[in-house]
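Let's take a walk through this model together, beginning with the whole chain and then stopping at a few places worth a look. Keep your viewer open as you read.

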Amino acid sequence: MSTPTYKLRFLLPNGAREELKVGSLNVYLSSIWDDLWNKRKSLAKHKTDQVMRLSVGEIYFHHDTARRAFMLHDAFAGQNSDGIPEIVLYDRNDIGDKAKRAAKLLSPDLSIDPILCEGNLKKRGAGVTAGFKKRYFVLQRETLFYFSDEKSYKSQRVAKGCVPMGSCIAKKVILEAEEGFAFEIKAKHLDMRDFQLVARESHQRDMWLQAIRKCCLRRVASVCALVIEEMDARNELGAEGIFRVPGSDTEQNNIMSQYDNGEFPDLKTVSSIHTLAGVLKKCLRSMSDEPVIPYFLAGQFLNIGLSLEVSEDVMRDLKNLVAKLPDESFGILAFLCRFLNRVASFSSTNRMVASNLGLVFGPNLIRRGNASPHLMAQDTAATGQVTCFLIENSLKLFGPARIRGSGAASSSSATAAADVKGGGKDRISGTSSSSMTTRRTGTRSQSQVFPSTVGLGYSAAGIIGGGPASAPNSPYDPSNLSRGTGGQHASLKHPSTRNSDYSDMKTATTTTTTT
């Protein structure tokens, strides 16, 4: 019987990637980084000046285990994800973009903070009668910076201004007095003004809107993952009226305000499980322009919601629709629906069966674009029903949590045990892993959740949020370290020529690094 191993990937400050294997999910990330730093001292500052972050989101690690990195990474994992968390070394002062926004300076290391989108746009000034001026915009992580021109940006000067983008809404608008293709960024809830911007071509505007949406989805995934993690850790999913009983509105607003301002509140100090539940709903509601399930798929999801039960045909259609979701939407929806499935398993005490949860979360996940109030009212039942289907069949539709280990055990019982740690072998198979129990109605203790989630912080053991009580017994294997080839983000290279004032619109792409 072979012991499963799990892969982690570290993105180093010079763009190189180190991929390594660990023999236990209880190994500390700091221990792994200690060895990397000792072997590659020339690549980074001393480790005491740094923290670690998931490259795909705003999730930071201090004294945490590999288990936590795998579990939270699942909120960002698209359908074609290899399931390997990528960790980047990060300066403590840059957590949450707060320091960069205050200094109006971009992160200089584009290998770990790539540019999501950049190019010339016209921006309306602050006054009521103010006109439009051309500015050079750069979207990095969750902040949109703007400069006088591209030369100022390339010479690394201080930006003229910046806009926090995590919770902002960007939508198309029509400005009759200005030629081009306009869109507006709503930022008044951040004590800022709304920004009206104009691109020269429609495809350039669409690229900006798409980049901003991805930025917002990443922020939603980060907040949802952290809130769900804390809710699971409290072992209070059986609390009566969860997601129905209101928590402290003042606390919820304060928490969301901190996230908006690039800060990360300590969720362990939140007064009640109901307040955390309210934060989760507020976070999803912040996608008010276009929800997690995009408009181009909303009608098809709602049509499935007209079905009264999940027949084989309905399940097949639902699987096909889930497969069409963009990666960012898939990760959030899968992570959320698995969690709500666990909440529904305590329905005998919390009084929240899957259909009730569907009515609560459905409007924040699915709705038509530009729908009239009358049509939205007609869609209410279908919205709740299809969300209920997603919750009840989350493991069949999305697969178990994607902690995957290599090295299969020989016996069926050992395989089940390995799947408990490794998250099962089926990711998007449409059928449950063989080690996964069939969903049962009624109540059960929290330690009886699906084997694919036991040990991921969802059990009564409460591993989430910290490491084991003692040092891990199975250290990672340093012999599996391999040096990356130093792949770079394409956005590091700036073209020296431009075809027009607006044609330099570009989004960042990455090259695959062989490890």
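Of the contacts in the protein with a separation of 6 or more, what percentage is accounted for by residues 24 or more positions apart? The share is 69%, where a contact means heavy atoms within 4.5 Å. Before going further, please keep in mind that this is a predicted model, in which local features need pLDDT of at least 70, side-chain atom pairs count only at pLDDT 80 or more, and totals for chains, interfaces and linings use all residues. Residues are numbered from 1 along each chain as its sequence is written, and side-chain values use heavy atoms, with hydrogens and water left out.

The protein contains 16 helices and 13 strands; these are DSSP runs numbered from the N terminus, with helices being H or I of at least four residues and strands being E of at least two. Of its 515 residues, 54% are buried. Here buried means under 20% relative accessible area, exposed means over 50%, and partly exposed lies in between, using a 1.4 Å probe and protein chains only.

Now find helix α14, residues 380-392, and look at how helix α10, residues 327-344, meets it: the two axes come within 8 Å and cross at roughly 80°. Axes are lines fitted to C-alpha atoms, for helices over the stretch in contact, and angles run from 0 to 180 degrees between N-to-C directions. The pair α10 and α14 is therefore roughly perpendicular, a label for angles of 65 to 115 degrees, while under 35 is roughly parallel, over 145 roughly antiparallel and the rest oblique. On the α10 side the contact uses L333, C337, L340 and N341, and on the α14 side L390, I391 and E392. By class, that makes 5 nonpolar, 1 polar and 1 charged residues. In this scheme Ala, Val, Leu, Ile, Met, Phe, Trp, Tyr, Cys and Pro are nonpolar, Asp, Glu, Lys and Arg are charged, and the others, Gly among them, are polar.

Helix α14 also packs against α12, residues 354-365, at an angle of about 115° with the axes 7 Å apart. That makes α12 roughly perpendicular to α14 as well. The α12 residues in this contact are A354, S355, L357, G358, L359, F361, G362, P363 and L365, and they meet T383, G384, T387, C388, I391 and E392 of α14. The tally by class is 8 nonpolar, 6 polar and 1 charged residues.

What about the cysteines in these contacts? C337 is buried at a relative accessible area of 1%, and C388 is buried at 5%. A search of the whole structure finds 0 disulfides, a disulfide being a pair of cysteine sulfur atoms within 2.5 Å.

Back in α10, have a look at F339, which is buried with a relative accessible area of 0%. Leaving aside residues up to four places away in sequence, F339 touches I228, M231, D232, L237, F243 and L280. The C-alpha atoms of F339 and D232 are 8.5 Å apart, although 107 residues separate them along the chain.

Finally, visit two loops. Q156, between α4 (150-154) and β9 (161-164), has a positive phi near 60° in a residue other than glycine, and it is exposed at 63% relative accessibility. R351, in the loop between α11 (347-350) and α12, also has a positive phi near 60°, and it counts as partly exposed at 48%.
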